[in-house]
Amino acid sequence: MTIPYLKSSELIELLQSNGYEIVSDEFWEKHNRIIFKKDGETFPLQYEQVYYYPFVIKICSMLGIDPPEECKKCHEQWLSQKNK
């Protein structure tokens with residue numbers, strides 16, 4: 001079984017497609033952070049090469065956006081196994 005993940009470019013694209021814009025500057029990029037903004041609210045994201053599904057689910061949940069279907073499916077399977 002392959003663990004679902006998103007490449008950094010895919011997660012950034014997901015956030016941007018939900019109205020978030022990148023507002024970080026050189027200072028934040030130097031410290032391996034990306035700053036996003038939507039409706040006056042900002043949040044930092046540590047830049048990684050990949051983000052595995054638990055992190056993707058957590059970020060999407062915090063921001064109130066739908067996670068990718070593959071990540072959601074794997075998370076639901078994990079929850080059903082955990083609750084047995």
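**Backbone, burial and helix packing in the predicted model**

In the predicted model, N32 is situated in the loop that links α2 (26-30) to β3 (33-38). The backbone of N32 adopts a positive phi of about 65 degrees, although N32 is not a glycine. N32 counts as partly exposed, because its relative accessibility is 34%. A second residue with such a backbone value is D39, a residue other than glycine whose phi is positive and near 50 degrees. D39 belongs to the loop between β3 and β4 (41-46). With a relative accessible area of 71%, D39 is exposed. Most residues other than glycine have a negative phi.

Read from the N terminus, the order of the elements is β-α-β-α-β-β-β-α-α. The C-alpha atoms occupy a box of roughly 45 × 25 × 20 Å along the principal axes. Of the 84 residues in the chain, 29% are buried. The accessible surface of the chain amounts to about 6100 Å², and 48% of this area is supplied by carbon and sulfur atoms. When contacts between residues at least 6 apart in sequence are considered, 41% join residues at least 24 apart.

S24 is located in the loop between β2 (21-22) and α2. The relative accessible area of S24 is 14%, and S24 is therefore buried, the cut-off being under 20%. Apart from neighbours within four places in sequence, the contacts of S24 are with E29, R33, I34 and I35. Y20 lies in the loop between α1 (8-17) and β2. Y20 is likewise classed as buried, because its relative accessibility is 10%. Once neighbours within four places in sequence are set aside, Y20 is in contact with L15, F36, K37, K38, F43 and L63. Y20 and Y47 are 27 residues apart along the chain, and their C-alpha atoms are separated by 16 Å.

At the surface, I3, Y5 and Y52 make up a nonpolar patch, and together these residues present about 310 Å² of accessible area. Y52 is part of strand β5, which spans residues 50-52. The relative accessible area of Y52 is 45%, so this residue is partly exposed.

On the α3 side, the contact is made by Y53, V56 and I57. The residues of α4 that take part are C71, K72, C74, H75 and W78.

Definitions and conventions:
Residues are numbered from 1 along each chain as its sequence is written. This is a predicted model: local features need pLDDT of at least 70, side-chain atom pairs count only at pLDDT 80 or more; totals for chains, interfaces and linings use all residues. Side-chain values use heavy atoms; hydrogens and water are left out. Patches are made of residues with over 30% relative accessible area and no salt bridge: like charges are joined within 9 Å, nonpolar side chains (Val, Leu, Ile, Met, Phe, Trp, Tyr) within 5 Å. Accessible areas come from the Shrake-Rupley method with a 1.4 Å probe; for residues, only the protein chains shown count as cover. A salt bridge is a side-chain nitrogen of Lys or Arg within 4 Å of a carboxyl oxygen of Asp or Glu. Helices (H or I, at least four residues) and strands (E, at least two) are DSSP runs, numbered from the N terminus. Buried means under 20% relative accessible area, exposed over 50%, partly exposed in between (1.4 Å probe, protein chains only). Contact means heavy atoms within 4.5 Å.
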